[in-house]
Amino acid sequence: DAARRFTPAHLVESILLPSKQISPLFRATQILTTDGRQLTGLVVGETAEKVDLLQNDARRIELLKSDIEERLLLELSPMPQGLVKQPQELRDLVAYLLRG
C-alpha cells in the first residue's frame, strides 16, 4: 500500500532518517518500572490494566500499569537509523515498497 500513500522521496527520507517525521502510531515509548527497569519500544496494545510493549529486539512484554512508575512518548522512531548501507540497497528497498 506504500505506493498509494507515499512518494518515492518520502520513502527515501523515512528509510534514511526514520526519526525525522514520525507518525504518532509509530513513536517509541520509554517506560520506567517501579522496580527500576527502563524499557523502550512500541506500544502495540493497551487496556485499563496493562500495556503491551514491542521492544526493538522484537520481544513483546506485557506490563501491568500498576508496575509503571513513569511513561514517556519519545521523538524517536523504533526503526533504527543506518540499516541501509549501500545505494543499491536503498534503490532495491524503495522499488520493493513501491511495488503494488
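How many bridges join S1 to S5, and in which sense do the two strands run? Five bridges join them, and the strands run antiparallel. In this pairing, leucine 32 has glutamate 70 of S5 as its bridge partner.

The model is predicted, so local features need pLDDT of at least 70 and side-chain atom pairs count only at pLDDT 80 or more, while totals for chains, interfaces and linings use all residues. Residues are numbered from 1 along each chain as its sequence is written, and side-chain values use heavy atoms, with hydrogens and water left out. Strands are DSSP runs (E, at least two residues) numbered from the N terminus, and two of them pair if DSSP finds at least two bridges between them.

The pairing of S1 with S5 belongs to an open sheet of five strands, ordered S4-S3-S2-S1-S5 with antiparallel pairing. Strand S4 (60-64) and strand S5 (68-73) stand at the edges; because each has a single partner strand, one side of each lacks a neighbour in the sheet. Neighbouring strands are turned by 40° against each other on average, direction ignored, with axes taken as lines fitted to C-alpha atoms.

Strand S1 (residues 29-33) also runs antiparallel to S2, to which four bridges join it. Here threonine 29 has glycine 41 in S2 as its bridge partner. The two strands form a hairpin with four residues between them, and glycine 36 in the turn has a positive phi of about 90°.

Strand S2 (residues 38-46) and strand S3 (residues 50-55) pair in the antiparallel sense over five bridges, and glycine 45 stands opposite aspartate 52 in S3.

How values were computed
Axes fitted to C-alpha atoms, helices over the stretch in contact; angles between N-to-C directions.
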